[in-house]
Amino acid sequence: MKKVTVGFIGCGGFAQNMHMPLLEKNDKYIIKAYMDINIEAAKSAHEKFGGEYYTDKVEKILDDQTIDLVFITTRHDSHAELSVKAANAKKHIMCEKPMALNYKDCLKVAKAVKENNVKYTIGYNRGLAPLVTKAKDLLDTTTGKIMAYHRIQAPFPEEHWAHIKNIGGGRFIGEGCHIFDLFCRLIDSDPISVYAAGGTFLDEKKVTVPDSANVTIMFADGSVCTTLIASAGCSAFEKEVTEIYCDNKAIFINGFKEIEYYGFEGHDKIAMQLDGVDKGQRIELDLLADAILNNTPSPNGIDIALRAAVISYKVDQSIESKQPVQITESEIYYHEN
Ligand SMILES: NC(=O)c1ccc[n+]([C@@H]2O[C@H](COP(=O)([O-])OP(=O)(O)OC[C@H]3O[C@@H](n4cnc5c(N)ncnc54)[C@H](O)[C@@H]3O)[C@@H](O)[C@H]2O)c1
């Protein structure tokens, strides 16, 4: 069976703890090479997961004609530049979120991906989580506008590079994009505006960008979704829950592990539980292998990547201006000039 040959660019915590173990278990993939500017990280990944070589030179990966797909699992400030380089080297791309730190760079990525006709997938795994897919299937049986709420709370360390504007982009660009994408998947309509109220809830001497907010997204069909993103949260309490209301029915997802739905299939309440937490990473990689091997659409392609990225930039604008910010169709769909 033809397999997808992978090279990693960035071998830090998430690559080693999530993507590499998943690829190791997926027989559609083979990991060939590891690159990191910190050679020790590349070496340790090679020792743990096998493969042919490790390096601190990105060109070695990009010039390797046997590598089909690169994982870009670096910090956020290098995602756009590496994605453009990888596309120009005719590599398919799995880029961890965010797509880029700003809209202009998103467009550069989109252009390079389209021009080189490579597959691109952004790591918005939560939108592909099995219980989110179940919720979407349930919503497809309803009519009417949707109201949804998602909480993402945890103590988020002040020292984390994600809070540094020009490295991580802050919490909304760096992580909120997951939830903005989750909402967009549930609703068959485009986001048209965003209003965010928030600020810095961690130590303001250490964190200089807003780290927490209530973000409300309005959709063209009248649906409304709100996410609470709290950085000064509590690890003893469930990090993420989703609540969805539509057509006199309700859906509740607890930690991507349990789902309860009310008023569906002729029952007051149905409850289901997975064996473990599943935030959709395994499914995303499986679908990506199929996309590459069978030339089918990427699970989280350019338009999906761009849509939530646009929302994330507008969140920062809205917090600063204290006003709702409009989203236009031309911003969320990439059009070649
Ligand atoms: N999908 C999720 O739920 C999820 C969860 C956690 C992290 N992530 C994402 O994974 C990515 C990596 O996060 P992390 O927590 O592993 O960070 P990390 O700091 O542990 O790892 C980043 C690695 O990239 C390397 N690096 C930096 N610049 C580089 C460059 N130009 N070329 C090659 N290597 C470079 C660093 O040396 C480091 O080893 C981020 O995009 C993050 O948002 C996603």
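Which residues touch the most other members of the largest nonpolar core? In this predicted model, the answer is Phe 183 and Ala 309, picked out from the 98 residues that make up that core. Helix H9 gives the most to this core, with eleven residues. The core also draws at least three residues from each of domain 1 (4-125 + 282-301) and domain 2 (128-278 + 309-332). As general background, nonpolar side chains tend to be buried together in soluble globular proteins.

Let's stay with Ala 309 for a moment. Leaving aside residues up to four places away in sequence, Ala 309 touches Pro 98, Met 99, Ala 100, Cys 106 and Cys 177. You will find Pro 98 in the loop between strand E5 (92-95) and H5. For context, most peptide bonds are trans.

Now step back to the domains. The chain is divided into domain 1 (4-125 + 282-301) and domain 2 (128-278 + 309-332), so each domain is written as two stretches of the chain. Taken over C-alpha atoms, the centres of domain 1 and domain 2 are separated by 26 Å. How many residues of each domain meet the other? In domain 1, 16 residues are in contact with 16 residues of domain 2. On the domain 1 side that touches domain 2, helix H5 (103-116) and helix H8 (281-294) each supply at least two residues. The residues of that side divide into nine nonpolar, three polar and four charged.

Ala 129 lies in the loop between strand E6 (120-122) and helix H6 (130-139). With 26 other C-beta atoms within 10 Å, Ala 129 is buried, since the threshold for that label is 20 or more. Not counting residues up to four places away in sequence, Ala 129 touches Phe 256, Asp 278, Lys 279 and Gly 280. The second example is Pro 297, in the loop between H8 and helix H9 (302-321). Pro 297 and Lys 119 are 178 residues apart in sequence and 7.7 Å apart in space, C-alpha to C-alpha. Pro 297 is partly exposed, with 13 other C-beta atoms within 10 Å.

Phe 256, one of the contacts of Ala 129, brings us to backbone geometry. Phe 256 is not a glycine, yet has a positive phi of about 55°. Asn 248 is not a glycine either, and has a positive phi of about 60°. As a reminder, most residues other than glycine have a negative phi. As for their places, Asn 248 is found in the loop between strand E11 (240-246) and strand E12 (249-254), and Phe 256 in the loop between E12 and strand E13 (258-262).

Ala 41, Ala 42 and Ala 45 are buried in H2. Seen down the helix axis, the buried residues of H2 fall within an arc of 100°, so they line one face of the helix. That face packs against strand E1 (4-9), H1, strand E2 (29-35) and strand E3 (53-55). On the other side of H2, Glu 40 and Glu 47 are exposed. Just after H2, Gly 50 takes a positive phi of about 75°.

Which residues come nearest to the ligand? Of the 23 residues around it, they are Gly 10, Gly 12, Gly 13, Phe 14 and Glu 96. Helix H1 (residues 13-25) provides the largest share of this shell, three residues. By class, the shell has eight nonpolar, eleven polar and four charged residues.

Technical notes: Residues numbered from 1 in each chain as written. Predicted model: local features only at pLDDT ≥ 70, side-chain atom pairs only at ≥ 80, totals over all residues. Near = placed C-beta within 6 Å. Helix = DSSP H or I, 4+ residues; strand = E, 2+ residues; numbered from the N terminus. Nonpolar A, V, L, I, M, F, W, Y, C, P; charged D, E, K, R; others polar. Contact = placed C-beta atoms within 7 Å. Buried ≥ 20, exposed ≤ 12 C-beta atoms within 10 Å, placed from the backbone. Arc of directions from axis to C-beta. Core = buried A, V, L, I, M, F, W, Y, C linked by C-beta atoms within 7 Å.
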